[in-house]
Amino acid sequence: MKNFTEKIFRKITQGFGILLAASMILTFSACESDEQEDTVKDRLWQGSGIPSIGVGRQKQEEEPVEQTGGGITICVDPGHGFDDAGASSTYVTECDERELTLRYALDLRTELEAMGYKVLMTHDGTAFPKTTEDDGNNKFNPYERAAYVNSQNVDYFISLHCDSYTDETVGGTRVYFCNTEIKTKDYSEDVANAISTSLNNAFESGMDARVLEMKPAESYAVIRETYTAGSLIEIGFITSPDDAAKIQDAEWQSKFVKAVAAGINDYFVSLG
C-alpha cells in the first residue's frame with residue numbers, strides 16, 4: 001500500500017511539473033509576442049513601419065500647380081552649347097557654362113509647363129534647328145537662335161547665361177532687356193521687373209537681381225534681334241567664388257528656377 005501511494009504521489013508531482021513548464025513556456029511566448037508588437041508599434045510611430053503590415057505615415061500630397069499659362073508660349077534658350085562651351089572658371093571644374101545653362105533651362109521648362117505654358121526650347125543639348133541664318137558649323141550662334149524664335153509664335157523669350165569677369169569680387173544676377181523698332185511686343189521691361197522682384201523675394205538674403213536696359217548698339221543679339229518681348233538672364237558670375245558655389249548647388253538652382261517661372265507667371269496673370 002505504501003509503495004502504491006508513493007507511485008501515485010510521484011505521478012501527480014510529475015503532472016504538476018509538466019503543467020508548470022507548459023505554463024511558463026506559454027507565458028514567455030506571450031511576453032515575447034507583446035515585446036515584438038511593442039517594437040513594431042515603436043517603429044510605426046517613428047515612421048519606419050514594416051512594409052508587410054501596410055501601416056505607416058502617409059506621403060503628403062503636393063498641392064497641384066494652378067494652370068495659369070494656357071494659350072501662352074514661352075521660348076527658353078540655354079546659352080551656348082555644342083562646340084561653344086561658353087565661360088569657364090577655376091571655381092567650376094566639373095562642367096562649363098553650356099552645361100549649367102542647359103540644366104537651368106530644362107528645369108525652367110518643367111516649371112513653366114506645370115503652370116500650363118507651352119514651352120519651346122531653342123535647343124535641348126543634343127541638336128539645334130537649321131535656320132535661314134545657318135553658318136554651317138556646330139555652333140548655334142545668336143543670329144541663328146533669333147531666326148528660330150522669329151519663326152515661331154512666341155509670347156516671351158528668355159535666354160539663360162552665366163557671367164564672368166576679371167574681378168572675382170563682382171557677382172550677382174542680372175536681367176537684361178533691349179527695346180528696338182523690330183519688337184512686335186513691348187513688355188520686355190515689365191516681365192524683367194517681375195522676374196527680378198520674384199527672385200529678390202525668394203532669396204531674402206544674398207540676392208540682388210538687377211534689371212538693366214541695353215542700348216541696341218551694345219545689346220546681346222538674342223534679345224536685340226528677336227521680335228517678341230524677352231530678356232537675357234545672367235544667373236551669376238562663375239568667376240566669383242560665392243556665385244559659383246551657389247550656381248552649382250542643386251537646392252539653389254531649384255529655388256532660382258522656381259522664382260524665375262513665378263516672375264514670368266506673375267506678369268501674365270496680372271493681365272487678367
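Author: Buried means under 20% relative accessible area, exposed over 50%, and partly exposed in between, with a 1.4 Å probe and protein chains only. This is a predicted model, in which local features need pLDDT of at least 70, side-chain atom pairs count only at pLDDT 80 or more, and totals for chains, interfaces and linings use all residues. Residues are numbered from 1 along each chain as its sequence is written, and side-chain values use heavy atoms, with hydrogens and water left out.

Reader: Is N201 buried or exposed, and where is N201 found?

Author: N201 is exposed, because its relative accessible area is 54%. N201 belongs to helix α4. Helices (H or I, at least four residues) and strands (E, at least two) are DSSP runs, numbered from the N terminus. N201 and A259 are 58 residues apart in sequence, and their C-alpha atoms are 8.4 Å apart in space.

Reader: How do α4 and α7 pack?

Author: Two packed helices are described by the angle between their axes and the distance between the axes. Axes are lines fitted to C-alpha atoms, for helices over the stretch in contact, and angles run from 0 to 180 degrees between N-to-C directions. Helix α4 (residues 188–202) meets α7 at an angle of about 140°, and the axes are 8 Å apart. Angles under 35 degrees count as roughly parallel, over 145 as roughly antiparallel, 65 to 115 as roughly perpendicular and the rest as oblique. The pair α4 and α7 is therefore oblique.

Reader: What is the handedness of the crossing, and which residues meet?

Author: A crossing is left-handed if the near helix is turned anticlockwise from the far one by less than a right angle, and right-handed if clockwise. The crossing of α4 and α7 is right-handed. Contact means heavy atoms within 4.5 Å. On the α4 side the residues are D190, V191, A194, I195, S198, L199 and A202; they meet K255, F256, A259, V260, A262, G263, I264 and Y267 in α7.

Reader: What is the strand order of the sheet?

Author: Strands of a sheet pair through backbone hydrogen bonds, either parallel or antiparallel. Two strands pair if DSSP finds at least two bridges between them. Here six strands form an open sheet with mixed pairing, in the order β2-β1-β3-β6-β4-β5. Its edge strands, each pairing on one side only, are β2 (118–121) and β5 (210–213). Neighbouring strands of this sheet are turned by 25° against each other on average, direction ignored.

Reader: Which strands pair with β4, and in what sense?

Author: β4 and β5 run parallel and are joined by four bridges, while β4 and β6 pair in the antiparallel sense over three bridges. Y176 stands opposite L212 in β5, and the bridge partner of Y176 in β6 is L232. From strand β4 (residues 174–177), R174 and Y176 point one way, V175 and F177 point the other way, and all are buried.

Reader: How many bridges join β3 and β6, and which helices pack on the sheet?

Author: Strand β3 (residues 156–163) and strand β6 (residues 230–237) pair in the parallel sense over six bridges. D163 stands opposite F237 in β6. Helix α2 lies across β1, β2, β3 and β6 and runs at about 145° to β3. Helix α3 (residues 142–150) also packs on the sheet, touching β1, β2 and β3, with its direction at about 165° to that of β1.

Reader: Which residues have the most contacts inside the largest nonpolar core?

Author: A nonpolar core is a set of buried Ala, Val, Leu, Ile, Met, Phe, Trp, Tyr and Cys residues joined through side-chain atoms within 4.5 Å. The largest one has 45 residues, and those with the most contacts inside it are I74, V76, Y156, I158, I195, F256 and I264. Helix α7 (residues 250–270) gives the largest share of this core, nine residues. Apart from this core lies another, of 12 residues, including C75, V149, F157 and L232.

Reader: What is the phi of H80 and of F82?

Author: Most residues other than glycine have a negative phi. Phi of H80 is near 65° and phi of F82 is near 60°, each a positive value in a residue other than glycine. H80 is found in the loop between β1 and α2, and F82 lies in the loop between β1 and α2 as well. H80 is buried at 19% relative accessible area, and F82 counts as buried at 15%.
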